[in-house]
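The coordinates come first, then my notes on them.

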Amino acid sequence: MITRRSTLGLFAAAATLPSRAFAHVAPPRTEIRDSLAKRFTDLGTSGTFVGYKVEDYLVVASDKERSGESKLPASTFKIPNSLIALETGVVADPDKDVFPWDGVKRPIEAWNKDHTLRSAIAVSAVPVYQEIARRIGQERMQKYIDAFDYGNRDIGGGIDQFWLTGALRIDPVEQVDFVDRLRRRTLPVSKRSQDLVADILPVTKVGDSVIRAKSGLLGAERGEPSLGWMVGWAEKGGAHTVFALNMDCKETRLVGERMPLTQACLAEIGAI
C-alpha cells in the first residue's frame, strides 16, 4: 500500500505515516533513476515520472523534486469527477445517461456531439464534465474531495473550472496514491462506483500488458497546451504498477508524446 505522506516522507525525510497506512508495514522502498529523467530531456522538455511497483513495494521515480511539485490536475480530474457523479446519482448508468451537445462548436471535434460518461472520458470531453460538476454542486464536490484526500482539496475558482484554471493542485505522488486506492477499491465510495470508473478508463494494450490511464492537458480547450499528464496503472500478468507522469507540453509536438513516453518509462522499470 502506498500513501501520499509516507512516500513524500521518503523523498523529504519525513517520519510520520498517515492513519490509513498499515501500522506494521515499512514504507515502500524508493529508487531514483536518472535514466528516466533523461527521457524527458531527450524530448527537449521537462517532466517527471513516478511508478509504484505494487508487488515489489517499490517506488521508482525520475527525480526527488518535480515528483513532489503540485500542479493543476486538468483532465486527470475526470477520474474523481466520474466517481462522484456515479456515487451521487448525477450519472446512474455510464452507458445510458446521455449529455446532449450544447451546440457550441469547439476546436476539438470529438467534443461536438452527444456523450455518455464512457464516451466522454474516452475523448476527454471537458464540457460534459463541466456540466457534471455543476450538477454535483459545490457542497457535494467539496465533501468528496475531502473524503478522497485529493491533492490540496481546494476547489476554489469556480465549480466548473477549479481543476482547469482554479485552485486545485495535486502532485504526482498524490496522484499515484489516489489511483492506487481506486485500483484496490478502497476509496470511501461504493464498490460499484469504483468498478464502473475502472471499467470506463481508456485502455491501451502493449503486448501482454494492459495500461488503464487518463490523460490531462492544461489549455486543451483553448488550443494553448502547457502541461500534460498521464496517470493510471499497468497490469502485466499478476503484477501491477501504478504511475503518474507530467511534462511541459508547450510545443504541440509534445502533446502526442505523453503515452509513448509513459510506455517507455513503464518498460524501463519492467512494468510492461
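At what angle do the axes of helix H3 and helix H6 cross, and within what distance do they come? Before answering I note the ground rules: the model is predicted, local features need pLDDT of at least 70, side-chain atom pairs count only at pLDDT 80 or more, and totals for chains, interfaces and linings use all residues. Residues are numbered from 1 along each chain as its sequence is written, and side-chain values use heavy atoms, with hydrogens and water left out.

Entry: H3 and H6.
I find that the axes of H3 (residues 78-88) and H6 (residues 138-148) cross at roughly 120° and come within 11 Å. H3 is therefore oblique to H6, since angles under 35 degrees count as roughly parallel, over 145 as roughly antiparallel, 65 to 115 as roughly perpendicular and the rest as oblique. Helices (H or I, at least four residues) and strands (E, at least two) are DSSP runs, numbered from the N terminus. Axes are lines fitted to C-alpha atoms, for helices over the stretch in contact, and angles run from 0 to 180 degrees between N-to-C directions. I record the crossing of H3 and H6 as right-handed. (A crossing is left-handed if the near helix is turned anticlockwise from the far one by less than a right angle, and right-handed if clockwise.) On the H3 side the contact (heavy atoms within 4.5 Å) uses Pro 80, Asn 81, Leu 83, Ile 84, Glu 87 and Thr 88, and on the H6 side Arg 140, Met 141, Tyr 144, Ile 145 and Phe 148. I sort the contact residues of H3 with H6 into seven nonpolar, two polar and two charged. (Ala, Val, Leu, Ile, Met, Phe, Trp, Tyr, Cys and Pro count as nonpolar, Asp, Glu, Lys and Arg as charged, and the others, Gly among them, as polar.)

Entry: H3 and H5.
Next I looked up helix H5 (residues 126-136), whose axis comes within 10 Å of that of H3 and crosses at roughly 45°. That angle makes H3 oblique to H5. The crossing of H3 and H5 is left-handed. From H3, Lys 78, Asn 81, Ser 82, Ile 84, Ala 85 and Thr 88 meet Val 126, Tyr 129, Ile 132, Ala 133 and Ile 136 of H5. I count seven nonpolar, three polar and one charged residue in the contact of H3 with H5.

Entry: the sheet.
I trace an open, mixed sheet of seven strands, ordered E1-E3-E2-E7-E6-E5-E4. (Two strands pair if DSSP finds at least two bridges between them.) Its edges are E1 (29-32) and E4 (203-206), each pairing on one side only. Neighbouring strands are turned by 20° against each other on average, direction ignored. E2 (residues 47-53) and E3 (residues 58-61) are antiparallel over four bridges, and Val 50 has Ala 61 in E3 as its bridge partner. In the loop between E2 and E3 sits Tyr 57, with a positive phi near 50° although the residue is not glycine. E4 and E5 also run antiparallel, joined by four bridges; Val 203 has Arg 212 in E5 as its bridge partner. Their hairpin has two residues between the strands, and Gly 207 there takes a positive phi near 60°.

Entry: helices on the sheet.
Helix H2 (residues 34-42) lies across E1, E2, E3 and E7 (239-248), at about 140° to E2. Helix H10 (residues 258-268) lies across E2, E4, E5 (209-217), E6 (227-236) and E7, at about 135° to E7.
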